[in-house]
Every structure is written in C-alpha cells, then in structure tokens.
Amino acid sequence: VLKIIDVDGSVFYKIGITVSNVDKRFKGSRTPYDHKLLDSIRGEASLIYDLEKDLHYELKSHKYKPTVFFQGSTECFIPCKEVIDKFKTYKLKHTI
C-alpha cells in the first residue's frame, strides 16, 4: 500500500504489484507523485496477483481517480480505514 499526495493536496492510496522495488517502479517520470510505502506483502507472483485482484474487487466502492494519469492510476483508493484493514487482513491470511 502506497500513500500518495495528489497535485491538489489530496491523499490517496495505491495497491498494486511490482517485480522490482517500489522506488524503482516509481522512479523518474513514471509517476508525477511522491509516495510513501505504508505496507507490503511479498510472495509468489501468482499468489500476489490473485491477492491484488481480490483486494481491488473488494475495495471497488472506494476507488479514487488521481488528477494526473499514470500507469497504475486505476489501482487507487480513497484513504480510509477500510482500505488499510482489508489489506492487513489479506496480509495476515496469506503470509507465514
């Protein structure tokens, strides 16, 4: 889960997967936003992919549309307790 500040000062979360580390994924012009990593889950790619899709589905009512488009902008959510709680629940269920 990334915490991102939009250009208008609004805060939003992004839940997505990457094969590299987060800083490399967001380096340079790939996103116009600063970010802070709040939490993460590591694991086998197929499991992480399935978790991401499940989380996105469960959180669809909390979607957020960033001001500036970037790759991954469809994976953004309003910053609320439910988003973090769902992520933590998935993390507890799927990590050793």
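Modeller: A nonpolar core is a set of buried Ala, Val, Leu, Ile, Met, Phe, Trp, Tyr and Cys residues joined through side-chain atoms within 4.5 Å; buried means under 20% relative accessible area, with a 1.4 Å probe and protein chains only. The model is predicted: local features need pLDDT of at least 70, side-chain atom pairs count only at pLDDT 80 or more, and totals for chains, interfaces and linings use all residues. Residues are numbered from 1 along each chain as its sequence is written, and side-chain values use heavy atoms, with hydrogens and water left out.

Colleague: Which residues have the most contacts inside the largest nonpolar core?

Modeller: In soluble globular proteins, nonpolar side chains tend to be buried together. Here the largest core holds 14 residues, and those with the most contacts inside it are Val 1, Ile 15, Leu 55, Leu 59 and Val 83. Helices α2 (45-58) and α3 (81-94) each supply at least two of its residues; a helix is a DSSP run of H or I, at least four residues, numbered from the N terminus. The most, four residues, come from α3.

Colleague: Where is Glu 52 found, and what does Glu 52 touch?

Modeller: Contact means heavy atoms within 4.5 Å. Glu 52 is found in helix α2 and is buried, with a relative accessible area of 5%. Not counting residues up to four places away in sequence, Glu 52 touches Ile 15, Gly 16, Ile 17 and Glu 75. A polar atom of the Glu 52 side chain lies 3.4 Å from the backbone nitrogen of Ile 17.

How values were computed: Buried means under 20% relative accessible area, exposed over 50%, partly exposed in between (1.4 Å probe, protein chains only). A polar contact is a pair of N or O atoms within 3.5 Å; within protein, one must be able to donate a hydrogen and the other to accept it, and residues adjacent in sequence count only if both atoms are side-chain atoms.
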